[in-house]
Amino acid sequence: MSKSQVRLSRRMSMVLRHRPESVGITLDPQGWVPISTLLEALGVTRAELDAVVAGNDKARFAVEGDRIRASQGHSRRVEIDLGLTPVEPPETLYHGTPRANVESIMREGLRPRSRQHVHLSPDLETATRVGTRRSSDVAILSVRTAEMAEAGHLFYRSANGVWLTDEVPPNYIS
Ligand code: HQG
């Protein structure tokens with residue numbers, strides 16, 4: 001993606017996940033907005049939007065008919081429900097985080113913080129990439145997700161393959 005496409009992708013993430021009101025739009029209860037509404041609010045063309053949706057390294061945006069939403073990553077303050085169906089997780093999922101967070105995570109577990117869910121990665125490479133967004137000194141945590149599911153925790157997989165759950169108690173993390 002070009003620099004301007006990356007910039008538009010970031011703006012779309014901000015609006016569709018965190019601050020729709022900042023450009024005067026509202027999301028429906030599942031997080032969708034008509035594409036025409038978004039184009040007008042952002043002042044971009046359909047071709048520019050399509051290029052970002054198609055070229056996005058992580059498939060962050062889902063287009064369905066004439067509407068669009070972010071596939072995951074929403075702030076808690078944006079009151080939407082993606083409406084995902086719980087699915088059985090694999091044995092283990094991973095979480096990449098700055099090493100400085102580890103002590104607190106081992107004490108209180110993984111919390112969603114400002115987001116709606118804790119995000120878990122399917123493999124080490126993805127987890128490393130997620131952690132590296134925030135620090136060059138990254139720790140990769142393994143989460144015993146099958147065990148969590150047995151204990152009744154629910155897991156969801158977003159349209160772009162990110163695993164989501166409400167929280168991870170410390171005893172499932174190593
Ligand atoms: C940490 C990106 C201390 C947590 C990625 C993380 C992902 C704790 C930070 C998505 C903690 C929250 C989400 C505790 C959690 N003590 N630190 N008890 N519990 N943390 O950005 O998972 O590129 O909200 O480890 O790919 O980093 O934007 O979560 O470091 O899918 O599409 O608190 O964002 O997607 O940070 O990333 P975030 P995340 P995009």
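In the predicted model, Leu120 stands opposite Trp163, a residue of strand β8. Strand β8 comprises residues 163-165 and is joined to β5 by three bridges, the two strands running antiparallel. Both strands belong to an open sheet of three strands, in which the order is β5-β8-β7 and the pairing is antiparallel. The edges of this sheet are formed by β5 (118-120) and β7 (156-157); each has a single partner strand, so one side of each is left without a neighbour in the sheet.

His119 is also placed in strand β5. Apart from neighbours within four places in sequence, the contacts of His119 include Trp163 and Leu164, and Val162 is a further contact.

Rolling a probe the size of a water molecule over the atoms shows where empty space is left. The structure holds one cavity of 30 Å³ or more, and the volume of the largest cavity is about 30 Å³. His119 is part of the lining of this largest cavity, as are Gln72, Gly73 and Leu164. By residue class, the lining of the largest cavity consists of six polar and two nonpolar residues, with no charged residue.

At the level of the whole chain, the domain assignment gives domain 1 as residues 3-70 and domain 2 as residues 93-172. The centres of domain 1 and domain 2, taken over C-alpha atoms, are separated by 26 Å.

A further site examined was Asn56, which lies in the loop between α3 (46-55) and β2 (61-64). Asn56 counts as buried because its relative accessibility is 7%, where the limit for a buried residue is under 20%. When neighbours within four places in sequence are left aside, Asn56 is in contact with Met1, Ser9 and Phe61.

Notes:
Residues are numbered from 1 along each chain as its sequence is written. This is a predicted model: local features need pLDDT of at least 70, side-chain atom pairs count only at pLDDT 80 or more; totals for chains, interfaces and linings use all residues. Side-chain values use heavy atoms; hydrogens and water are left out. On a 1 Å grid over the protein atoms alone, a cavity is a set of points where a 1.4 Å probe fits but cannot get out, and a pocket is an open set with protein on both sides within 12 Å along at least five of seven lines; lining residues have an atom within 4 Å of a point. Grid points are joined across faces, edges and corners, and a volume is the space filled by probe spheres set on the points. Ala, Val, Leu, Ile, Met, Phe, Trp, Tyr, Cys and Pro count as nonpolar, Asp, Glu, Lys and Arg as charged, and the others, Gly among them, as polar. Domain bounds come from an automatic or database domain assignment. Helices (H or I, at least four residues) and strands (E, at least two) are DSSP runs, numbered from the N terminus. Buried means under 20% relative accessible area, exposed over 50%, partly exposed in between (1.4 Å probe, protein chains only). Contact means heavy atoms within 4.5 Å. Two strands pair if DSSP finds at least two bridges between them.
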